Amino acid sequence: MNRLLDVENLTLQFDTDEGRITAVDNVSFTLGAGEVMGLVGESGSGKSVTAKSLMKLNPDNAIYGDETKIILHLDGGPVDIMSLHTSSDLKVIRGGAISMIFQEPMASFAPAITIGNQMVEQLQIHTDMTAKKAQELSIEMLARVGISDASTRFKQFAFELSGGMRQRAMIAMALSTKPKLLIADEPTTALDVTIQAQVIDLMKDLVSEFGMGIIFITHDLGVIAQTADSVAVMYLGRLVEQGPVREVIRTPAHPYTKGLIAALPQLDDLDVPLTPIPGDIPSPLERPPGCVFNTRCAVAIEGLCTREIPLFTQVAQKHQVACHLYSEGDDK
Ligand code: SF4
């Protein structure tokens, strides 16, 4: 699998009225072309901020760490995303090599411009296509994502489409420029279950057809199990566990990942009680010292977990965990 994305030591802070907060803390991962990586964690874990960093979409008060490195490998050579500053520099990635789809598709469409005109405009910004060719491709993409009567929908406004159809139209728009990397931020959360399954199947088909990499952000490990090749678990701005999806879900190592899995409903045994992780994720203004999960961890090691930040340890092939229970050579 060709390497598509390298993220090294991504750290991101924001200056707020209450003080400087750390939203992402020293996060590193890689993604291959044609790979789907799930990024999971509760609200407030830093998933969306991490993903937006890949397109430098965070607000102006964002402060990136000096060591942060984000490299996107394109056919013409590697692109150092941290070195892109102006909107014309960023055009190569925003809506071009990288596309993003959101939980709420209304956020992606301007309300007073037809779906079709927005799709054509985006294609003309990122390709040298004529308006006619861009229109043909847009209608074809709408049809590809399962929108019936695509040429009529092409002329409609976002509010005239149902929720599921808007989601599909957003995916069609995001994919029309054939991005190398698609970031899907909770793309199915607002959909009902049957449409959700269709959208997931559609995304899987498109990955294999276009060979793009996908970062799929969700709080739902069940969706990740169906969709992703690998998974990275985030908590309070830190990556705490990462590895192949089946390996991590079958044999989770980090107490937080174990907690997320124990909180999933068991459809084969409805009598099994749900066991939510106790407590809430702390405010980023009150990041605990040492392991960020120590305030909620039932197996924290006294005197160690509140003092030292755990480093990543390999627990199986490509499976890493950042927890003091696992030190080099120990496979607990
Ligand atoms: Fe729990 Fe300590 Fe592991 Fe953190 S490092 S998850 S507090 S045992």
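Me: Which ring does the charged end of Lys56 sit over?
Reply: The ring of Tyr64, with the charged end 6.0 Å from its centre. The criterion is NZ of Lys or CZ of Arg within 6 Å of the ring centre and within 35 degrees of the ring normal.

Me: Experimental or predicted model?
Reply: Predicted: local features need pLDDT of at least 70, side-chain atom pairs count only at pLDDT 80 or more, and totals for chains, interfaces and linings use all residues. Residues are numbered from 1 along each chain as its sequence is written, and side-chain values use heavy atoms, without hydrogens and water.

Me: How many aromatic pairs are there?
Reply: Four. Ring centres must lie within 6.5 Å; planes under 30 degrees apart are stacked, over 60 edge-to-face, the rest tilted. Phe157 and Phe159 are stacked, at 5.9 Å centre to centre and 10° between the planes.

Me: Is Phe159 buried or exposed?
Reply: Exposed, at 55% relative accessibility. Phe157 is partly exposed at 26%. Buried is under 20% relative accessible area, exposed over 50%, partly exposed in between (1.4 Å probe, protein chains only).

Me: Which residues do ring pairs link into a cluster?
Reply: Tyr235, Tyr256 and Phe293.

Me: Switching to the ligand. How many residues surround it?
Reply: There are 13, and the closest are Cys291, Cys297, Cys305, Cys323 and His324. Near means a heavy atom within 4 Å.

Me: And domains, what are the bounds?
Reply: Domain 1 is 113-175 and domain 2 is 252-327. Their C-alpha centres lie 43 Å apart. The bounds come from an automatic or database domain assignment.

Definitions and conventions: Phe/Tyr/Trp six-rings, centres within 6.5 Å; stacked < 30°, edge-to-face > 60°.
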